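Here is a short briefing on one protein model. Please look over the sequence and the fold before reading on.

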Amino acid sequence: MFRRKLTALDYHNPSGFDCKDETEFRNFIVWLEDQKIRHYKIEDRGNLRNIPSSGWPKSFEQYLQDVNCPFTVEERQESVDWLLGLAVRLEYGDNVEKYKNCPQATATEAEKPSDPLIHLDSSNPDFKAGVLGLASLLKIQRHDDYLVMLKAIRILIQERLTPEAIAKANATLNEAAQILRLLHIEELRDLQTRINEAIVAVQAVIADPKTDHRLGKVGR
């Protein structure tokens, strides 16, 4: 989900980056600060560079506050996406002449807004209610800025609606359907057995000429 921004920043492994891998994640943050963001002076990056330290999460939390990131350490994917966006902006600012000469996008692509969320009216009560409803459904932490919350929702949905996730969900549904089908077949077999038993019992009564229950007599 970060591949495009990582590619733009010349990260060494844009397709394989896994922010859930703790060691890889910490190394990535150090690389991002050292090479792209450079918010701290070199001598002030010691705590962030001390990757094995048990106090690293605290250092990262302080770093997020220092760069004014609206997300917390618990919101890892959201904070990574935000830091990448910051790094891309800074990279462009440092290399304006380089990117100024890049081929421009086609007219159709240029007309598309870079972020469709910028045109939403975040003060609209219906918008707020909708965002809160989605956040509650997806168990996403509430935030004072509804656009920030909506972006977090979008990131989560993009991750869960990958082809791999959909394929896994379809496999689970197929398995459940097969189980229900087998249970239904078993019920039908049980019902057929009971019907057969009833038919045999009725046939036995009809075939016995010695008993006439209606007349209360034996024989004819």
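Predicted model: local features only at pLDDT ≥ 70, side-chain atom pairs only at ≥ 80, totals over all residues.

The protein chain holds ten helices and two strands. Along the sequence the order is α-α-α-α-α-α-α-α-α-α-β-β. A search of the whole structure finds eight salt bridges.

**Overall fold**

- Of the 220 residues in the protein chain, 25% are buried.
- The accessible surface of the protein chain is about 16000 Å². Carbon and sulfur atoms account for 54% of that surface.
- Among contacts with a separation of 6 or more, 44% come from residues 24 or more positions apart.

- Side chains of opposite charge can pair when their charged atoms come close.
- D81 pairs with K5 in a salt bridge, with the closest N and O atoms 3.1 Å apart. D81 belongs to helix α5 (residues 76-94) and K5 to helix α1 (residues 3-8), so the pair ties together parts that are 76 residues apart in sequence. K5 is partly exposed, at a relative accessible area of 30%.
- E22 pairs with R76 in a salt bridge, and here the closest N and O atoms are 2.9 Å apart. E22 sits in helix α2 (residues 22-37) and R76 in helix α5, so this bridge links parts 54 residues apart in sequence. E22 is partly exposed, with a relative accessible area of 31%.
- E91 and K36 form a salt bridge through their side chains, at 3.6 Å from N to O. E91 is in helix α5 and K36 in helix α2, so the pair ties together parts 55 residues apart in sequence. Are these two residues buried or exposed? Both E91 and K36 are buried.

**Packing of α2 and α4**

- Helix α4 spans residues 56-66 and packs with α2 at an angle of about 35°. The axes of α2 and α4 are 12 Å apart.
- The crossing of α2 and α4 is left-handed.
- Which residues make the contact? From α2 come F25, R26, I29, E33 and I37. From α4 come W56, P57, F60 and Y63.

**Loop residues with positive phi**

- Most residues other than glycine have a negative phi.
- R38 has a positive phi, near 50°. R38 lies in the loop between α2 and α3 (46-49). Its relative accessibility is 39%, so R38 counts as partly exposed.
- N68 also has a positive phi, near 60°. N68 is found in the loop between α4 and α5. With a relative accessible area of 63%, N68 is exposed.

**Nonpolar surface patch**

- L188, L191, I195 and I199 make a nonpolar surface patch of about 340 Å².
- Which helix holds I195? I195 lies in helix α10, which covers residues 163-207.
- I195 is partly exposed, with a relative accessible area of 37%.

Notes:
Residues numbered from 1 in each chain as written. Heavy atoms only, no water. Patch = residues over 30% accessible without salt bridge, like charges linked within 9 Å, V, L, I, M, F, W, Y side chains within 5 Å. Areas by Shrake-Rupley, 256 points an atom, 1.4 Å probe, with all protein chains shown as cover. Salt bridge = Lys/Arg side-chain N within 4 Å of Asp/Glu carboxyl O. Helix = DSSP H or I, 4+ residues; strand = E, 2+ residues; numbered from the N terminus. Buried < 20%, exposed > 50% of the residue type's maximum accessible area, 1.4 Å probe, protein only. Axes fitted to C-alpha atoms, helices over the stretch in contact; angles between N-to-C directions. Left-handed = near helix turned anticlockwise from the far one by under 90°. Contact = heavy atoms within 4.5 Å.
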